[in-house]
Amino acid sequence: MAKDKTSYACNECGGTSPRWLGKCPHCGAWNSLVEVAATPAASASKNRLSAGVQGLAPASELAVLANIEASDVDRTPTGLSELDRVLGGGVVEGGVVLIGGDPGIGKSTLLLQALDALQRVGFAALYVTGEESGAQVALRSRRLGLDDSQVQVLAEIQLEKILATLDSARPAIAVIDSIQTVYSDQLSSAPGSVAQVRECAAHLTRAAKASGTAIVLVGHVTKEGALAGPRVLEHMVDTVLYFEGDTHSSYRLIRAIKNRFGAVNEIGVFAMTERGLKGVTNPSAIFLSQHSQPVPGSCVLVTLEGTRPMLVEIQALVDTGGPSPRRLSVGLDRDRLAMLLAVLHRHAGVACMDQDVFVNAVGGVRISEPAADLAVMLAIASSLRGKALPQGFLAFGEVGLAGEVRPAPRGQERLKEAAKLGFAVAVVPKANLPKKSDAGLARALEGLKIYPVERIEDALEVVRSL
Ligand code: TYD
Ligand code: MG
């Protein structure tokens, strides 16, 4: 029965085809067609946009841009300040948030805490669980010390029933944990398949917009770390958050990678405790490991995530490799590592051709900014020579293919944070050197000896002379 209602849409270009094809007839992408419901579900709830010529919003009056009042959206703080920071202030009425992360990292815990906090200040909150039973959710709430929580729980995986509940209960916020478990009757594909995930997310998004309920979709990530399901899921929602961190350490980061209502690249930092996730308001020093003595292959980087500088230890291990030496990185881009090794060789004469090179950002933090280059290269050179960088040493700066060291954005803030934490020696791009005339800054940087460098070979020279 479902068969004759379905057609196929391309994940890449959105083009449609009446039957499944290996190659999209519109954009030529391979294996990108997935099943979609061709007609809106017959059992449409009142929530769904009624006008719906192929799901389009009802035509409204034409308006001139200058005459439209520019109002910012209202945000409701969740009460968890680190979560609000990544959301851009709080949840937005009718806003849809997708939150992804490895299993066991704390998605359900965080969202239950947020729902409870919102419910306590008078917002109706609904937790739809498809992965756990109501009893399991209750067990978690007890563990979190939320014994008297009034959050409503619905253990359901069928989309139509979830939509009907949203329609009748009209919560201010609803969490769907997880979108991969939800399935619609209208499609014949299995729950968790690309077609199901995409269709269910689309219906839930429409329901959010029509009713004003803020919806949070929990998404699973694939082994490669991307959200499982079609890329369109990320386009469909207003905000995409990723949970990251090493499940063996207690710290967790939440990063906004898309936010229609706030800044991206802001991060929230939490610590997983016996009683749930607690915000870490001053996270600058949590990604440093404690060495009693400086060790070879370790260099501290000041990275800037969102609005806060953080110090992260970069570790490198260079060891004799086989015929095809390995280059592995954890928390850093592997292609960039290969590039930095080539620059090290060509411009500074540091050769790792026959060596295995491993680099790691401590604490499971992922660093994407190029300002990490200098610290990565100094850590590699330090490991290769078996010589530790001095106590209280740090570096940051981007390194280009010509061997030049380029400035990092907001270098002074980075230096101030390092000085505050008692760091003593900094190797930084020349353009990041603070101006002498700024007396207040000079006082803030007291105790930190700064070596400005213009090229990678200069940086290695400075390190050798220390
Ligand atoms: P969970 O929120 O279930 O993760 P996800 O939904 O992302 O799969 O978190 C599970 C982990 O968190 C589990 O290993 C137990 C741990 N945990 C704590 O350490 N303290 C707590 O208070 C809670 C509720 C969980
Ligand atoms: Mg979970």
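These legends go with a set of close-up views of one predicted model.

Local features are described at pLDDT of at least 70 and side-chain atom pairs only at pLDDT 80 or more, while totals for chains, interfaces and linings use all residues. Residues count from 1 along each chain as its sequence is written, chains are lettered from A and ligands numbered from 1 in the order in which they are written, and side-chain values rest on heavy atoms, with hydrogens and water left out.

**View 1. The whole chain, for orientation.** The C-alpha trace spans about 75 × 55 × 50 Å along its principal axes. Its secondary structure comes to 11 helices and 23 strands; these are DSSP runs numbered from the N terminus, with helices being H or I of at least four residues and strands being E of at least two. Of the 466 residues, 50% are buried, where buried means under 20% relative accessible area, exposed means over 50%, and partly exposed is in between (1.4 Å probe, protein chains only). Take the contacts with a separation of 6 or more: 69% of them join residues 24 or more positions apart. A contact here means heavy atoms within 4.5 Å.

**View 2. The three-stranded sheet at β1.** This is an open, antiparallel sheet of 3 strands, in the order β2-β1-β3. Two strands count as paired if DSSP finds at least two bridges between them. β2 (16–17) and β3 (33–37) are the edges, each pairing on one side only. Strand β1 (residues 6–10) is joined to β2 by 2 bridges, and A9 stands opposite T16 of β2. Helix α5 (residues 194–211) lies across β1 and β3, at about 45 degrees to β3. For such angles, axes are lines fitted to C-alpha atoms (for helices, over the stretch in contact), and values run from 0 to 180 degrees between N-to-C directions.

**View 3. The nine-stranded sheet.** Here 9 strands make an open sheet with mixed pairing, ordered β8-β7-β9-β10-β6-β11-β12-β13-β14. β8 and β14 (276–279) sit at the edges, each with pairing on one side only. Ignoring direction, neighbouring strands of the sheet are turned by 25 degrees against each other on average. β6 and β10 run parallel over 6 bridges, with V97 opposite V216 in β10. Helix α5 turns up again in this view, lying across β6, β9 and β10 at about 160 degrees to β10.

**View 4. Strand β11, covered on both faces.** How many residues of strand β11 (residues 239–244) are buried? The count is 6 of its 6. In a regular strand the side chains alternate between the two faces of the sheet. In β11, T239, L241 and F243 are buried on one side, and V240, Y242 and E244 are buried on the other. Strand β6 (residues 96–101) runs parallel to β11 and is joined to it by 4 bridges, L98 having V240 as its bridge partner. With strand β12 (residues 251–259), β11 pairs in the antiparallel sense over 6 bridges; Y242 has R255 of β12 as its bridge partner. β11 and β12 form a hairpin with 6 residues between them, and G245 in the turn has a positive phi of about 135 degrees.

**View 5. The buried side of helix α4.** Helix α4 (residues 159–169) has L159, E160, I162, L163, L166 and D167 as its buried residues. They all lie on the same side of α4, because they cover an arc of only 165 degrees around the axis; that arc is taken from the directions from the helix axis to the C-beta atoms. The cover over these residues includes β7 (125–129), β8 (152–155), β9 (173–177), α5 and β10 (214–220). Just after the helix, R170 takes a positive phi of about 45 degrees.

**View 6. Where α7 meets α8.** Helix α7 (residues 334–348) packs on helix α8 (residues 373–385) at an angle of about 65 degrees, with the axes 10 Å apart. R336, L337, L340, L341, V343 and L344 of α7 make the contact with D373, V376, M377 and I380 of α8. Sorted by type, the residues of this contact are 8 nonpolar, no polar and 2 charged. Nonpolar covers Ala, Val, Leu, Ile, Met, Phe, Trp, Tyr, Cys and Pro, charged covers Asp, Glu, Lys and Arg, and polar takes the others, Gly among them.

**View 7. A402 in its loop.** A402 sits in the loop between β20 (398–399) and β21 (405–406). Is A402 buried or partly exposed? A402 is partly exposed, with a relative accessible area of 45%. Leaving aside neighbours within four places in sequence, A402 is in contact with H347 and R455. A402 and R455 are 53 residues apart in sequence and 8.7 Å apart in space, C-alpha to C-alpha.
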